[in-house]
Amino acid sequence: MASEHPLISCENCGSVYRRQELGQGEVASCGRCGTVLWRYSGLQPSGWLALALAALITFIIANAYPVAIMRVQGMVQSASLPDAVFVTWEQGHEVVAIMTGLAGVVLPLLQLMLLLWVLYPLSMGARPRAFGFTTRLLGMLAPWSMVPVFVLGVLVAVVKLAGMASVTPGLGMLGFALLTVLLTMLGRLSAQSLWHYAERAGVVESHNPRPTADEALAGCHVCGQVQALPVAQAEHIHHCLRCENPVHLRKPDHLARTWALLIAAAILYIPANVLPVMNIDSLLGDSAHTILGGVIELWQTGSWDIALIVFVASVMVPLTKLLALGVLAWQVQRGSGNSLVQRTRLYGMVEFIGQWSMLDVFVVILLAALAQFQGLMTISAGPGAGAFGMVVILTMLAAMSFDPRRGWDRAPRGRGTAADAGSAPTQAVQVTGSATRGPAVDHAIRKQEE
C-alpha cells in the first residue's frame, strides 16, 4: 500500500522525516545538520523534458563549433573541445585526453541522453524502462560532468594567449556558456526527484516501514525509499525494495577507502605541482610551465583576477580538499562527536568544490589545440597535467567514499542523533524560503500525528 506522505532520510546525518509538499520558493532542510532535503519545483516532467532537449541541442552546437579562434601572422587556428581532446591524444598524452574527453564530452552527453530516456515516459504518465538502473547511473554521472569547469578554462586560455596573438571567442563558447546554465538548472533534478515525480504519476509506490527494536531506518541513495535494515548488519549491502539498487545503513569500510584514496592523492599532489603541466616550443626557445609558474605569469602580465581564479582552483582547492577530508576522517576515527554541524558543512563544501580543480587540465588541452603553428609555436601537455588530473579524481572518490553519518552516530542520545531518528520519523524539518512555512504544511503534520 502506497503512503500518502513518504519518508525521506537525510544523507548526511541519517535523520528520517515525513516528506511534505512545499510552496513556491520553499526549501526543506534537515533540522539537525542543515542539509537541504528537497526543494519546491514548479516544473513538471514535461517541462524538465523540454529543458533536457534544449540542453542536448545546445551541447551538439557547442561541440560542433570552435570555442576560440587564434590568429598569428596571417595564420588562423581554431579549436573545439573534441579538437582539443584529439590533439592531446595525438601528442601522446592519452591519460589527459581520456580524462578531459570523458568529463567534457562523453559523460555530459550520456547524462542528457539518460535524462531524456527517463523524462519522456514520465511526461506521458508511464514508468521508464530500467528506471532503477538508469537513475542510479544518473546519480553516478552527475559529479563527473564538468562543462562549467571547461567554460572557465576557455576564459583562462584566452587570457593566457592574449599576449602572444589575437584570440577571439567562437560560437562554441557561447554554446557552452548557455549549456552551463541549462545543466545547472538540470542539476536540481536528482535521481530521488525523478522517483518523486513517478510517485505523483502513480507509476511507482512508496511504503513506510515499521522497524523493529533490532532495525533502523535507512534511505536508498537512488530512489529515496526508506526501509528498515538490521542494525547488526550496518555495513552489509542489501537491495532496495523498490528500485533493487544496493542500500546499506552505513557505507562499508568507508574510513579505509577514504584514507587509501587520500594518501594516493597526496603522493600524486607532489609531482602534479613540481612537474610541468605545459610545454611551449617556439622560435624563442623551449619552456616548461608548472601550475604555480602559470599563476605567476598571469599575475606579471596584469591579469591578477584570472591569476587569482587559477590559484584558488588549481592550488588552494586540491590542498583544501586533502586537508579537510583528512580532518573529517581523523575526527570520525577518534570517535569525536563535537562540532558535527560544522563538520557536515565542511563535507558539503568539499563535495561542491571537487570538480573545479580540473580547471588547469582543460586550459592545457585547449592551449595545445589552439597553438599548433608548425615552425612558429607549439604547446603540449606536460607530465604534471596527468598527475594533477589524477589528484582531482582521487580526491573526488575519497569524498564519495566518506560517510558523514558515522560522525553523527557518536552524538549523545537525546540530541537528535542518527540512532534516535533511525527508529522513528520526525516532523522537525525546517522550511525556509521566500514563502514562509504555511498552514498547509502545518495541517499535514498535525494530520499525520493524529
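Me: How far is the sulfur of Cys220 from the closest cysteine sulfur, and which residue holds that one?

Reply: Start with the rule: a disulfide is a pair of cysteine sulfur atoms within 2.5 Å. The closest sulfur to that of Cys220 belongs to Cys243 and is 3.6 Å away, so the two are too far apart for a bond. Before we go on, keep in mind that this is a predicted model, where local features need pLDDT of at least 70 and side-chain atom pairs count only at pLDDT 80 or more, while totals for chains, interfaces and linings use all residues. Residues are numbered from 1 along each chain as its sequence is written, and side-chain values use heavy atoms, with hydrogens and water left out.

Me: Is Cys30 buried or exposed?

Reply: Here's how to read that: buried means under 20% relative accessible area, exposed means over 50%, and partly exposed is in between (1.4 Å probe, protein chains only). Cys30 has a relative accessible area of 1%, so it is buried. Cys220 has 2% relative accessibility, so it counts as buried too. Across the protein chain, buried residues make up 53% of the 450 residues.

Me: What is the largest nonpolar core made of, and which residues have the most contacts inside it?

Reply: A nonpolar core is a set of buried Ala, Val, Leu, Ile, Met, Phe, Trp, Tyr and Cys residues joined through side-chain atoms within 4.5 Å. The largest one here has 108 residues, and Phe176 and Leu186 have the most contacts inside it. Helix 3 (residues 94-123) gives the most to this core, with 13 residues. There is also a second, separate core of 13 residues, and its members include Ile8, Leu22, Cys30 and Trp408.

Me: How many helices and strands are there in the protein chain?

Reply: The general idea is that helices (H or I, at least four residues) and strands (E, at least two) are DSSP runs, numbered from the N terminus. This protein chain has 16 helices and 16 strands.

Me: What does Phe176 touch?

Reply: Contact means heavy atoms within 4.5 Å. Leaving out residues up to four places away in sequence, Phe176 touches Ala62, Asn63, Val67, Leu81, Val147, Phe150 and Val151. For the protein chain, residues 24 or more positions apart account for 69% of the contacts with a separation of 6 or more.

Me: How many aromatic pairs does the structure hold?

Reply: A pair of aromatic rings is described by the distance of the centres and the angle of the planes. Rings of Phe, Tyr and Trp (its six-membered ring) pair if their centres lie within 6.5 Å; planes under 30 degrees apart count as stacked, over 60 as edge-to-face and the rest as tilted. This structure holds four such pairs. One of them, Phe131 with Trp195, is stacked, at 4.2 Å centre to centre and 20° between the planes. It links distant parts of the chain, since Phe131 is in helix 4 (residues 131-141) and Trp195 in helix 7 (residues 191-201), 64 residues apart. Phe131 and Trp195 are both buried.

Me: Why is the pair of Phe150 and Phe176 edge-to-face?

Reply: Their ring centres are 4.9 Å apart and their planes are at 65°, so that's the edge-to-face case. Phe150 in helix 5 (residues 147-162) and Phe176 in helix 6 (residues 171-186) are 26 residues apart. Together with Phe362, Phe150 and Phe176 form one aromatic cluster.

Me: Which ring does the charged end of Arg334 sit over?

Reply: A charge sits over a ring if NZ of Lys or CZ of Arg is within 6 Å of the ring centre and within 35 degrees of the ring normal. For Arg334, the ring is that of Trp330, with its centre 4.9 Å away.

Me: Where does Ser339 lie?

Reply: Ser339 is in the loop between helix 10 (304-333) and helix 11 (340-353). It has a positive phi of about 50° although it is not a glycine. At 45% relative accessibility, Ser339 counts as partly exposed. Ala130 likewise has a positive phi of about 50° without being a glycine, and Ala130 is found in the loop between helix 3 and helix 4.
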